[in-house]
Amino acid sequence: MAGYLNLILRLTIWFLLTDDLSWANILIGVTVSLLLPRGATNPGTLKDWLRTLWEVVVAIPQAYKEAFEIMIWPHRHEVVTVDLAKPRRSPGLLFLDIFLITFTPKTIVQRYREQGWYEVHRIQREEVP
Amino acid sequence: MVNFLSYTCIVVGLVFWYWGTWPLLGQRSVLYKLHGLSVADTLGSMAIIVGLLLRIPQEWPLLVLALISLAIWNTVLGYVLAYCSTEDRGYDG
Amino acid sequence: MTLVLIAMIGALLIPMIEALRDDDIWQRMLAFASIATKTSVMILVIALLQDDRMMALVGVIILSVGNAALMLLAQIIRRVNDVMEG
């Protein structure tokens with residue numbers, strides 16, 4: 001089921017780019033997105049995908065909130081922390097996880113370790129020992 | 001009303017641009033500046049494009065694509081730059 | 001809207017100054033990344049002001065492929081640095 005998400009993604013980009021819903025265009029889009037090779041061998045479950053996609057939607061207002069916070073109160077201190085990744089993630093879901101963390105302005109993923117954790121770079125208001 | 005909203009979005013975006021780009025001139029670390037750029041270039045530009053979207057709604061497919069590619073590419077570029085500019089200290093032996 | 005455009009050009013000057021001034025390669029890469037995004041947003045703004053759909057399309061395409069070059073460049077610089085040091 002999650003394999004369809006790949007197809008939907010390609011078709012969405014195609015229709016947004018061409019802005020044309022005629023039969024010929026739909027046919028071209030569907031054909032090309034079916035013909036393009038699919039890389040993911042382990043797509044993950046649909047539930048995981050839906051939850052992560054929902055988290056992306058929630059992250060947008062969160063990102064603006066953090067942006068205003070660091071504009072109003074200066075965050076001068078930098079720390080590097082280690083966060084645990086969720087277990088058994090497919091590459092696509094890992095990408096979305098890293099995207100989520102890096103998208104919010106206070107945190108940036110510096111490195112992902114194979115053993116299942118991230119190095120996250122944060123900025124903070126107060127020095128933490 | 002829509003005009004006012006659209007100007008608000010664009011002005012907020014411009015404020016983000018200036019605020020986030022200004023630290024580039026300072027002497028902070030690359031990663032610290034990257035946090036500023038993520039405010040300026042991702043969130044600021046997204047605000048500007050939303051402002052344009054409110055003004056010219058008939059061009060929505062292009063602008064939505066612009067929003068999506070802005071969010072994804074800038075964030076991933078932030079990650080790649082952070083990854084490449086820091087030394088691998090080799091915790092994993 | 002002309003004022004908005006002038007303000008955008010002003011914001012574009014900041015990373016340009018930084019790129020010219022700083023010798024550290026990563027600080028320069030940051031400045032270039034910033035310039036790339038800002039110019040493509042400016043292309044979009046100008047295109048939509050002039051009601052020119054083709055220009056907007058170009059802007060969107062630049063937005064969606066432009067940063068890929070910078071990512072590849074970052075990887076190459078990292079490799080080259082590794083080779084030079086090790």
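This is a predicted model: local features need pLDDT of at least 70, side-chain atom pairs count only at pLDDT 80 or more; totals for chains, interfaces and linings use all residues.
A residue counts as buried under 20% relative accessible area, as exposed over 50%, and as partly exposed in between. I start there because R51 of chain A, at 43%, is partly exposed on that scale.

R51(A) makes a salt bridge with D48(A), and the closest N and O atoms are 3.9 Å apart. The cut-off for a salt bridge is 4 Å, so this pair at 3.9 Å is within it. Both residues sit in helix α3 of chain A, residues 46-72, and because they are three residues apart, about one helical turn separates them.

I will go through a few others.

Next is a pair that crosses between chains. R28(B) and E78(A) meet through their side chains in a salt bridge, 3.0 Å from N to O. On the chain B side, R28(B) is in the loop between α1 (2-21) and α2 (30-55); on the chain A side, E78(A) is in strand β1, residues 77-84. As for accessibility, R28(B) is partly exposed at 28%, and E78(A) is partly exposed at 30%.

Strand β1 of chain A comes up again in the next pair. D83(A) and R122(A) form a salt bridge through their side chains at 3.2 Å, N to O. Here the pair links distant parts of the chain: D83(A) is in β1 and R122(A) is in strand β3, residues 117-124, 39 residues apart. D83(A) has 23% relative accessibility and counts as partly exposed; R122(A) is also partly exposed, at 24%.

There is also a network of salt bridges in chain A, and K65(A), E69(A) and K106(A) are linked in it.

Stepping back to chain A as a whole, its secondary structure comes to four helices and three strands. Read from the N terminus, the order is α-α-α-β-α-β-β. Chain A has 129 residues, of which 36% count as buried. Among contacts in chain A with a separation of 6 or more, 67% are between residues 24 or more positions apart.

At what angle do α4 of chain A and α3 of chain B pack? Helix α4(A), residues 91-103, and helix α3(B), residues 60-85, pack at about 85°, with their axes 9 Å apart. An angle from 65 to 115 degrees counts as roughly perpendicular, so α4(A) is roughly perpendicular to α3(B). From α4(A), the residues in the contact are F95(A), I98(A), F99(A), T102(A) and F103(A); they meet A71(B), I72(B), T75(B), V76(B) and Y79(B) of α3(B). By type, the residues of this contact are eight nonpolar, two polar and no charged.

Chain B also carries annotation. According to UniProt, in an unreviewed entry, there is a "transmembrane region" feature at residues 6-25, 37-56 and 62-84 of chain B. In the model, residues 6-25 are 80% helix and 0% strand, with the end C-alpha atoms 30 Å apart. Residues 37-56 are 95% helix and 0% strand, and there the end C-alpha atoms are 27 Å apart.

The unreviewed UniProt entry gives "transmembrane region" for residues 29-49 and 56-77 of chain C. Residues 29-49 are 100% helix and 0% strand, with 30 Å between the end C-alpha atoms. Residues 56-77 are likewise 100% helix and 0% strand, with 32 Å between the end C-alpha atoms.

A31(C) lies in helix α2 and is buried, with a relative accessible area of 0%. Beyond its neighbours within four places in sequence, A31(C) is in contact with L24(B), P15(C), E18(C) and A19(C). Its C-alpha atom is 16 Å from that of L63(C), which is 32 residues away along the chain.

The other is D51(C), in the loop between α2 (25-49) and α3 (53-85) of chain C. Most residues other than glycine have a negative phi. D51(C) is not a glycine, yet its phi is positive, about 60°. At 57% relative accessibility, D51(C) counts as exposed.

Conventions:
Residues are numbered from 1 along each chain as its sequence is written. Chains are lettered from A and ligands numbered from 1 in the order in which they are written. Side-chain values use heavy atoms; hydrogens and water are left out. UniProt positions are given in the numbering used here, feature names are shortened, and annotations may be inferred rather than shown by experiment. Helices (H or I, at least four residues) and strands (E, at least two) are DSSP runs, numbered from the N terminus. Axes are lines fitted to C-alpha atoms, for helices over the stretch in contact, and angles run from 0 to 180 degrees between N-to-C directions. Angles under 35 degrees count as roughly parallel, over 145 as roughly antiparallel, 65 to 115 as roughly perpendicular and the rest as oblique. Contact means heavy atoms within 4.5 Å. Ala, Val, Leu, Ile, Met, Phe, Trp, Tyr, Cys and Pro count as nonpolar, Asp, Glu, Lys and Arg as charged, and the others, Gly among them, as polar. Buried means under 20% relative accessible area, exposed over 50%, partly exposed in between (1.4 Å probe, protein chains only).
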